[in-house]
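Morning, everyone. I have one model to show you and a few minutes to do it. Let me put it on the screen.

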Amino acid sequence: MMVPTNLEIKRPSSSNKPDDIVLVNMYERVVFDVVSDLLPFIGMCPCGKCVSDACAIILNQLEPKYVTTQQGELLSRVSEVKKEAQSDIKILATRVMYKVSQNPRH
Ligand SMILES: [Zn+2]
């Protein structure tokens with residue numbers, strides 16, 4: 001079978017058109033949102049390195065939740081998934097963020 005050479009999988013990006021189809025792990029967005037929500041309460045360093053570290057550790061402990069969706073639908077899909085999953089993710093995120101705040105890698 002021939003694989004088309006222009007095969008491209010789009011990732012979410014602000015330069016996409018609203019009807020572009022994107023492949024995304026919904027939990028990447030939800031975890032980033034939850035970490036941002038919790039930051040002021042946990043007192044973890046808010047730099048990009050610590051936030052990314054915390055997100056990576058949390059995401060590695062979750063089953064991925066990949067969907068294909070239109071770029072323009074992404075935000076409403078994320079808020080649906082966030083509503084369903086955020087209480088579990090908050091518990092995990094709180095634990096991980098305390099750990100990161102005790103051992104910042106910088
Ligand atoms: Zn930091």
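Start with helix α1. It has 17 residues. From first C-alpha to last, α1 reaches 24 Å, close to the 24 Å expected at 1.5 Å a residue. Keep in mind that this is a predicted model.

Now look along α1 for a bend. Where does the kink in α1 lie? At S36, shortly before the proline P40. The kink is about 25 degrees.

Step back for the whole chain. We have three helices and two strands. In sequence order, the pattern reads β-α-α-β-α. The C-alpha trace spans about 50 × 30 × 25 Å along its principal axes. There are 106 residues in the protein chain, and buried ones make up 18% of them.

Next, the packing. Two packed helices are described by the angle between their axes and the distance between the axes. Here the pair is α1, residues 26-42, and α3, residues 74-102. Their angle is about 50 degrees, and the axes are 7 Å apart. Because of that angle, α1 counts as oblique to α3. As for handedness, α1 passes α3 in a right-handed crossing.

What kinds of residues make the contact of α1 with α3? 14 are nonpolar, three are polar and five are charged.

Which residues of α1 are buried? M26, Y27, V30, V31, V34 and V35. Read those numbers with helix geometry in mind. An α-helix has 3.6 residues a turn, so residues three or four places apart point the same way.

Take R29 first. R29 sits in helix α1. Is R29 buried or partly exposed? Partly exposed, because R29 has 19 C-beta neighbours inside 10 Å, and buried takes 20 or more.

Then F32. F32 is in helix α1 too. F32 has 17 other C-beta atoms within 10 Å, so it is partly exposed.

α1 kinks at S36. α1 crosses α3 in a right-handed sense. And its buried residues include V30, V31, V34 and V35. Over to you for comments.

Terms used. Residues numbered from 1 in each chain as written. Predicted model: local features only at pLDDT ≥ 70, side-chain atom pairs only at ≥ 80, totals over all residues. Axes fitted to C-alpha atoms, helices over the stretch in contact; angles between N-to-C directions. Helix = DSSP H or I, 4+ residues; strand = E, 2+ residues; numbered from the N terminus. Parallel < 35°, antiparallel > 145°, perpendicular 65-115°, else oblique. Left-handed = near helix turned anticlockwise from the far one by under 90°. Nonpolar A, V, L, I, M, F, W, Y, C, P; charged D, E, K, R; others polar. Expected span 1.5 Å × (residues − 1). Bend = angle between axes of the 7 residues up to and from the residue. Buried ≥ 20, exposed ≤ 12 C-beta atoms within 10 Å, placed from the backbone.
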